[in-house]
Amino acid sequence: MTEACLYGQPSPPTDGISVPLVDTTTLRLPSDEIIDPMQVAAEVAQSSNLQRGRILLDSAALRALRQSRLLSQQDLADDCWRRNIRVSIATIKRAESGRAVRYRIARELAKCFEVPTAALIQK
């Protein structure tokens, strides 16, 4: 029986996927502390990314490094290819848009810009 059936509401079709229903307006902890559901979702997504070996890069720092060298995203990808650094333009776009990338990509980009890897990782 799904959670929706417990409350007397018909359960939506889920194609065999169990989706728990959560009231996303506000969540309260036993200590009456109110939690922002968007913050919880972001923390869950980040921990999920970390478990899959993915991290978020500081997109502003990455873009600033690229632009300080007067490179477009395509120029950076071409430069990486010439230097035998395995980073594609799609990966550069992904990193600069704030989406998670593999840790290997962070190391490769740090090698390309000749900075420590920690300088690119979002804090």
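Biologist: Which residue follows helix 6, and is its phi positive or negative?

Modeller: This is a predicted model. Helix 6 is followed by Glu114, and the phi of Glu114 is positive, near 55°.

Biologist: Which residues of helix 6 are buried?

Modeller: An α-helix has 3.6 residues a turn, so residues three or four places apart point the same way. In helix 6, which spans residues 103–113, the buried residues are Ile105, Ala106, Glu108, Leu109, Ala110, Cys112 and Phe113.

Biologist: Against which elements do the buried residues of helix 6 pack?

Modeller: They pack against strand 3 (54–55) and strand 4 (101–102), as well as helix 3 (59–68), helix 4 (73–82) and helix 5 (89–96).

Biologist: Why does Thr91 count as buried?

Modeller: Thr91 is part of helix 5. Thr91 counts as buried because its relative accessibility is 10%, and the cut-off for buried is under 20%. Its side chain makes a polar contact with the side chain of Ser88, at 3.0 Å. Leaving aside neighbours within four places in sequence, Thr91 is in contact with Val101 and Ile105.

Biologist: How do helix 4 and helix 5 cross?

Modeller: Their axes come within 9 Å and cross at roughly 125°, which means that helix 4 is oblique to helix 5. The crossing is right-handed. Helix 4 contributes Gln73, Gln74, Leu76 and Ala77 to the contact, while helix 5 contributes Ile89, Ile92, Lys93 and Glu96. By class, this contact has 4 nonpolar, 2 polar and 2 charged residues.

Key:
Residues numbered from 1 in each chain as written. Predicted model: local features only at pLDDT ≥ 70, side-chain atom pairs only at ≥ 80, totals over all residues. Heavy atoms only, no water. Buried < 20%, exposed > 50% of the residue type's maximum accessible area, 1.4 Å probe, protein only. Helix = DSSP H or I, 4+ residues; strand = E, 2+ residues; numbered from the N terminus. Contact = heavy atoms within 4.5 Å. Polar contact = N/O pair within 3.5 Å; in protein donor to acceptor, adjacent residues only side chain to side chain. Axes fitted to C-alpha atoms, helices over the stretch in contact; angles between N-to-C directions. Parallel < 35°, antiparallel > 145°, perpendicular 65-115°, else oblique. Left-handed = near helix turned anticlockwise from the far one by under 90°. Nonpolar A, V, L, I, M, F, W, Y, C, P; charged D, E, K, R; others polar.
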